[in-house]
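Welcome! Here is a short tour for anyone meeting this structure for the first time.

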Number of protein chains: 2
Amino acid sequence: MSDVVMLAHGDGGALTHELVRDLFLRHFPNQTLKGLTDAAIFAGPGGRLAVSTDSFVVNPLFFPGGDIGKLAVYGTVNDLAVSGASPLYLTAAFLLEEGLPIADLDRFAASMAEACTEAGVEIIAGDTKVVGRGNLDRIFINTAGVGVVPETLHLGYSRLAPGDRVLINGSIGEHGMAILAARENLAFAGQLESDCAPLNGIIAELLREIPREVKIMRDLTRGGLATAAKEIAVAARCDIYLEEAEVPVRPAVKGAAELLGLDPLYLANEGKFMAVVSAPYAEDALTVLKTHPLGRSARIIGEVSDGGGNLYLRTPFGGTKYLDMLVGEPLPRIC
Amino acid sequence: MSDVVMLAHGDGGALTHELVRDLFLRHFPNQTLKGLTDAAIFAGPGGRLAVSTDSFVVNPLFFPGGDIGKLAVYGTVNDLAVSGASPLYLTAAFLLEEGLPIADLDRFAASMAEACTEAGVEIIAGDTKVVGRGNLDRIFINTAGVGVVPETLHLGYSRLAPGDRVLINGSIGEHGMAILAARENLAFAGQLESDCAPLNGIIAELLREIPREVKIMRDLTRGGLATAAKEIAVAARCDIYLEEAEVPVRPAVKGAAELLGLDPLYLANEGKFMAVVSAPYAEDALTVLKTHPLGRSARIIGEVSDGGGNLYLRTPFGGTKYLDMLVGEPLPRIC
């Protein structure tokens, strides 16, 4: 490990994993944390509960399609949802720089309230800290969330089997591209909009229809689709093949990514998730997703095969590319 | 309200209250949050649960008696404990500045692990974000916690009645004074040590002995004893009288506070709580506290009387001073 914290330690890719594995898990070696799932599931009195936490440091604070407030609610709601939990309550902790306009804080709080209504959750506990000018860039928001996990639901890496299908609920890279374009004032910024949205509704539909056939889900935030898929492959000790031609990417995102030399497979999403579903039920799952507003562009994008934790991309020309987790140029403060 | 966020919005005193009431509660008007308790209690499947969140921005990161890691664990454990919950699990979210020495992060994580063992809790979910140099001062840590609240326990402001006694588990002002002295490199810094400690053990003892006679508890962090007592008086619509001669203050804290023109009643504590207990059981409560290592200097320091939300200090000379919440010079980044 390097001697100092680097931006890449926070990009959700290989260095984040190294930091979590070699530092945090060494000090906190409990089985639940070791699972490295989006939310931690534990036995509460009378049932299984899930908790998750996420800090939001996105820059710019306002961006096409959302703001830091919306993101802070959706982010934690989605981490709970992909873990199979119904999100119930959030906590919100505000870190504020002296001098932040109260009007901005008011807009973020209004956004959060709106996002909570949309997702059907409530913020029931909070905290506010203020630090002097120059000690924090305007505002960071942390949310933690609690949800209930149905007793009958059992998601888990160990359930993956060759032939399982990989589904996605829509096109990738929109959040990451919108943030970058807004931040750098790129000419095409106007055509890009963050996909940030609460996924608990669409996931509830999926789990209602085929509760036993969904094996694992991940939301595709920092590190994007490729990093999440690679994490699943490693954790499940199998290989995953993605079909490049099937992965939906909007033309505006594709164009912008090409211009900037970025791969949409590694760009952050804030309203997208992947689900691994048993093959016989993949078409049913696709139908469920497609009938939900957040799943209109849903697709079956790949499948699981025997292997040792590799992720491959089959190109339209018959080639196969090996994909790793995000490494290299980090895109800081994307969420 | 002012147009911009000021340091005093984060000091836990009058301006923090204004911000919470006029901005956050306007956007999040749910009954649980309105309670403004240290932790929020909600009905989980099969029992009552409590959640709490706190961000830690203390400066310096290492101080006599602790560091930001310990504080981050104890702070949330204590918020749960004074709400009557047995803390079970924490989440930990790290906000890191690019360039932070990994060795420091390692020490904070080790501190957190040690503090978790001491408090009997586990960190089961986490998050790491990194921002560029200059966008955050080294490290901030957020913890959120979940605990279980016994069905038979009912703490609440509405239970306060004239004659109830106010107890404290020890001497005040040590954390605040230690931080200030360390930060300003004051000559007497060596004699001061933070009182930071997990309160769930001593509170469990108290609730085991007299579960029905404890009416409300608060930990005495930002804003100190006076602010917490005033909050209770306002919320319970009663008056509270504190006996100045009974409030324990160590000579080193007293001397340092006098030198700096600070009042120990408003200095932050990280291992102290106040409890309002029915009068006939106050001596029993005191005995329980005194038998615990964290309660050796416990005292009965005041009582509740009819009134409209005022806090008074009876001086040893027979006078009575009106006390308000912390207003004025904020002591930023005390926790």
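## The sheet in chain B

Let us begin with an open sheet of seven strands in chain B, which has mixed pairing and the order S9-S11-S8-S12-S10-S13-S14. At its edges stand strand S9 (214–219) and strand S14 (320–323) of chain B, each with a single partner strand, so one side of each has no neighbour in the sheet. From one strand to the next, the twist averages 25°. Strands here are DSSP runs of E with at least two residues, helices are runs of H or I with at least four residues, and both are numbered from the N terminus. Two strands pair if DSSP finds at least two bridges between them.

One pair to look for is strand S10 (residues 239–243) with strand S13 (residues 311–314) of chain B, which run in the parallel sense over four bridges. Glu243(B) stands opposite Arg314(B) in S13(B).

## How to read the model

This is a predicted model, in which local features need pLDDT of at least 70 and side-chain atom pairs count only at pLDDT 80 or more, while totals for chains, interfaces and linings use all residues. Residues are numbered from 1 along each chain as its sequence is written, chains are lettered from A and ligands numbered from 1 in the order in which they are written, and side-chain values use heavy atoms, with hydrogens and water left out.

Helix H3 (residues 68–82) of chain B lies across S9 and strand S11 (273–277), and runs at about 165° to S9(B). Contact means heavy atoms within 4.5 Å. Axes are lines fitted to C-alpha atoms, for helices over the stretch in contact, and angles between N-to-C directions run from 0 to 180 degrees.

## Two copies and a residue between them

How are the two chains related? A rotation of 180° with 0.0 Å of shift along its axis superposes chain A on chain B, with an RMSD of 0.0 Å. The two copies are thus related as by a two-fold rotation axis. The superposition is by least squares on the C-alpha atoms of residues with pLDDT of at least 70 in both copies. Of the interface residues of chain A, 100% are also interface residues in chain B, so the copies meet through the same surface.

Leu23(B), in helix H1 (residues 14–27) of chain B, touches Ile102(A), Leu105(A), Asp106(A) and Ala109(A), as well as Glu18(B), not counting residues up to four places away in sequence. Is Leu23(B) buried or exposed? Leu23(B) is buried, with a relative accessible area of 1%. Buried means under 20% relative accessible area, exposed over 50%, and partly exposed in between (1.4 Å probe, protein chains only).

## Charged pairs

Side chains of opposite charge can pair when their charged atoms come close.

Asp164(A) is buried at 3% relative accessibility, and Lys215(A) is buried at 10%.
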